[in-house]
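Take a look at the fold below. The paragraphs that follow walk through a few local details and then the larger layout.

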Amino acid sequence: MSFSLDEYLAELAPFINLDCGTRTPSGVARVADLMTEKYHGLGWQVQRHQFAAECGPCLEITNAPGASHYDVMLVGHMDTVFPEGTAAKRPLRIEGDLGFGPGVSDMKSGLLSTFHALKGLSPELLARLRILVCCNCDEELGSPWSKEWLVEKARQSSCVLVAEAARPDGSLISARKGNAKYRLRFHGRASHAGSALAEGVSAITEFARWALAINELVNFETGTTLNVGTVQGGTGVNVVPDFVEAMVDLRFWSNEEAELIDHRFDFMANNPFLAGCRVEVDRLAFKPAMRPSEDTRALMALVERAGVAERMTVNWVEAGGGSDANFTAAAGVPSLDGFGPMGGGFHSEAEFLQLGSIGPRIRLLRQVLRALAESRQA
Ligand SMILES: [Zn+2]
């Protein structure tokens, strides 16, 4: 099937030139409308889910309506991290071999390329492959509303391919670190620093002990890292502070180690350093680590063979950041990521898409789908 980059970019522009941050549900809904139109054009079934009022819709798209099991689930998110007004300020811009604009590689091109890969499959092959495409609305917030649905759908699927961008060097992603965010609140007792110091309980002193203890938990060897990122507290230099709030970022390769840290925080909260201090620990977000299982390795080998058929060397990278693949992998379903075109500079004005990679990556994904259909026959 012939591929026209100009036509692709003309199709991509409407997705970039609208504001669709996670907190702009009407924009995400517009992206969903555009995707729905495309898949209806292929004759596929599109179901729309609205999981909460504060987020946009999610799309459940399939060529096999009513199936109880899918051979492959493709995942992409329709939201970006950018606030309203961004699209007007910097719409899709082409410079040489690069495209720029909000969400250009994270991940509007991934959504569009997924559609093009599917569009190019023959009816004979589609008859052999039950495909589910899930487009969610809230990935950039950690998928708080769509996560359960994604995991449920992944469990009905033999494997999951996520079309976030491939790395600038072309690598796909076989592993992603897990991460968690903690809010710590320290409640002490205020008193006058001059006349009643001994009557006070300093929330800052308690926090300071915690900060040092948290740094001690960092293990570069296993990749478990913690960062106390923000801290606020105290009311005046002459007052013993009765309140501090701090935010902690945790990253890990081992889900067991993450649980141990969680238990450690619980223990510390129940055993404060200072008598009379009360500590609240809240885990605000959690994404399990994505590590390849044996089944995932078999899927990696299939992707590598598909690459050979396209005269492409497939390399894998372990990424520090998370995606929805973390959730589906943790559910025990072989999951790989990076099936979009190559790009980088995510979440910044420097975000770019490598135009030369669009055609080849569509062909690679299509080849992977063909290989999945054949492996199903075998
Ligand atoms: Zn993304």
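Start in the loop between strand S6 (131-136) and helix H6 (147-155), where Ser143 is found. Its backbone stands out on one count. Ser143 has a positive phi, about 55°, although it is not a glycine. Keep in mind that this is a predicted model.

Met107 belongs to helix H4, which covers residues 104-119.

Now step back to the whole chain.

On one side, 16 residues of domain 1 take part, and they are in contact with 9 residues of domain 2. The size of an interface is often given as the accessible area lost when the parts come together. Here domain 1 and domain 2 bury about 870 Å² between them. Carbon and sulfur atoms carry 59% of that area. Which residues of domain 1 lose the most area to domain 2? They are Lys177, Arg291 and Phe327. Together they make up 60% of what the domain 1 side buries.

Next come the polar links. Across the interface of domain 1 and domain 2, the rule finds 1 salt bridge. It also finds 1 residue pair in polar contact there, with both residues at pLDDT 80 or more. Which elements build the domain 1 side? Strand S9 (172-176), strand S16 (316-319) and helix H10 (324-330) each supply at least two residues of the side that touches domain 2. H10 gives the most, with 3 residues. By class, this side of domain 1 has 4 nonpolar, 6 polar and 6 charged residues.

The side chains of Lys287 and Glu139 meet in it, at 3.8 Å from N to O.

Finally, turn to the record. An unreviewed UniProt entry lists residues 175-271 as "domain: Peptidase M20 dimerisation". In the model, the end C-alpha atoms of residues 175-271 lie 36 Å apart. That span is 31% helix and 36% strand.

Notes:
Residues numbered from 1 in each chain as written. Predicted model: local features only at pLDDT ≥ 70, side-chain atom pairs only at ≥ 80, totals over all residues. Heavy atoms only, no water. Contact = heavy atoms within 4.5 Å. Buried area = accessible area lost by both parts, 1.4 Å probe. Salt bridge = Lys/Arg side-chain N within 4 Å of Asp/Glu carboxyl O. Polar contact = N/O pair within 3.5 Å; in protein donor to acceptor, adjacent residues only side chain to side chain. Helix = DSSP H or I, 4+ residues; strand = E, 2+ residues; numbered from the N terminus. Nonpolar A, V, L, I, M, F, W, Y, C, P; charged D, E, K, R; others polar. UniProt positions renumbered as here; feature names shortened; annotations may be inferred.
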